[in-house]
Amino acid sequence: FYCLMSGSFFYYDTFYQFFNTFYTSLPILYLASLDQDITAEVAIARPSIYRDGIDRVFITHKIFWRWMVEGMYSGAIVFFIPVAMFGYFNITKNGYVIGFWDLGMLIFFIDVVVVQFRLVLEICYWTGIELFCFFMSFVPGLWGLWIYFSTQVDYAPPGLLSSYRIYGTYQFLFDTRMFWLATVLCTVFCLIPIFTFMGIKTANFPTRSDIGREMSVGWFNGVKHQTSGKVTGRDSTQRPV
């Protein structure tokens with residue numbers, strides 16, 4: 001409705017097509033294949049943790065709609081904050097005017113940044129591999145392709161849209177303080193409510209997996225033990241069914 005149903009793209013369509021393949025694929029593959037809620041020691045010693053899966057704790061209509069609302073909220077933040085800022089800071093210090101495709105690239109860049117940091121909040125098992133995945137998705141992926149399409153207007157691969165639409169946007173936007181301010185503001189406004197919600201939920205309404213993660217790092221009944229991950233005593237994850 002905001003765009004009056006014009007059907008016009010405000011972002012570079014080729015970049016949009018690369019979103020799931022280059023910019024976000026590696027961290028998602030890591031999360032799906034290598035991430036784990038708890039250590040093997042805790043899982044073997046406290047099999048009641050698996051009860052969450054049987055009870056469908058992680059797959060409910062409430063969780064589905066919470067993710068939908070979160071997506072709409074983050075989308076509104078990522079779109080309207082840059083639009084509002086462009087309305088007041090659209091002329092840079094060197095006299096250039098920030099244009100339509102500059103706005104689109106700014107919003108797309110912020111979108112990828114927010115998605116990557118949002119995924120960070122979901123990772124439970126950090127090994128260093130996930131850092132490599134984030135690096136490869138962001139630096140050679142988004143950053144590298146943006147530099148390429150923004151500087152090599154005559155060398156677009158066959159079958160892709162010509163990059164004349166975003167020619168020079170990289171050099172232009174990265175020199176403006178508004179670009180970095182908008183990126184920081186959008187990322188903070190998108191993630192702070194989610195981080196707060198997750199913290200309150202884990203502290204006051206923990207799942208068995210949440211308790212198991214605390215046990216994995218040596219916390220038992222609110223007390224930090226020196227031997228991290230050693231499972232002793234009664235099963236703190238038992239709950240009435």
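## Close-up views of salt bridges and nonpolar cores

**View A. The pairing of Glu 70 with Arg 118.** In this predicted model, Glu 70 and Arg 118 are joined through their side chains by a salt bridge, with N to O at 2.5 Å. Glu 70 belongs to helix α6 and Arg 118 to helix α7, so the pair ties together parts of the chain that are 48 residues apart in sequence. Glu 70 is buried, its relative accessible area being 11%, and Arg 118 likewise counts as buried, at 9% relative accessibility. Once the neighbours within four places in sequence are left aside, the residues in contact with Glu 70 are Arg 118 and Ile 194. Side chains of opposite charge can pair when their charged atoms come close.

**View B. The salt-bridge network around Asp 55.** The structure holds five salt bridges, and a network of such bridges links Arg 51, Asp 52, Asp 55 and Arg 208. Arg 208 is buried, with 6% relative accessible area.

**View C. The largest nonpolar core.** The largest nonpolar core has 40 residues, and those with the most contacts inside it are Phe 15, Tyr 23, Leu 106, Phe 109, Leu 142 and Trp 146. Two or more residues of this core come from each of the elements α2 (19-23), α6 (61-88), α7 (100-120), α8 (129-151), α9 (169-174) and α10 (177-204). Helix α7 gives the largest share, 10 residues. When residues up to four places away in sequence are not counted, Leu 142 touches Phe 15, Tyr 23, Phe 108, Phe 109, Val 112 and Ser 137.

**View E. The packing of α7 against α8.** The axes of α7 and α8 come within 12 Å and cross at roughly 175 degrees. Angles over 145 degrees count as roughly antiparallel, and α7 and α8 are therefore roughly antiparallel to each other. On the side of α7, the contact is made by Met 105, Phe 108, Phe 109, Val 112, Val 113, Gln 116, Leu 119 and Val 120, and on the side of α8 by Phe 134, Ser 137, Phe 138, Leu 142 and Trp 146. Sorted by class, the residues of this contact between α7 and α8 are 11 nonpolar and two polar, with no charged residues. Phe 109, Leu 142 and Trp 146, which take part in this contact, are also among the residues with the most contacts inside the largest nonpolar core.

Methods: Residues are numbered from 1 along each chain as its sequence is written. This is a predicted model: local features need pLDDT of at least 70, side-chain atom pairs count only at pLDDT 80 or more; totals for chains, interfaces and linings use all residues. Side-chain values use heavy atoms; hydrogens and water are left out. A nonpolar core is a set of buried Ala, Val, Leu, Ile, Met, Phe, Trp, Tyr and Cys residues joined through side-chain atoms within 4.5 Å. Buried means under 20% relative accessible area, exposed over 50%, partly exposed in between (1.4 Å probe, protein chains only). Helices (H or I, at least four residues) and strands (E, at least two) are DSSP runs, numbered from the N terminus. Contact means heavy atoms within 4.5 Å. A salt bridge is a side-chain nitrogen of Lys or Arg within 4 Å of a carboxyl oxygen of Asp or Glu. Axes are lines fitted to C-alpha atoms, for helices over the stretch in contact, and angles run from 0 to 180 degrees between N-to-C directions. Angles under 35 degrees count as roughly parallel, over 145 as roughly antiparallel, 65 to 115 as roughly perpendicular and the rest as oblique. Ala, Val, Leu, Ile, Met, Phe, Trp, Tyr, Cys and Pro count as nonpolar, Asp, Glu, Lys and Arg as charged, and the others, Gly among them, as polar.
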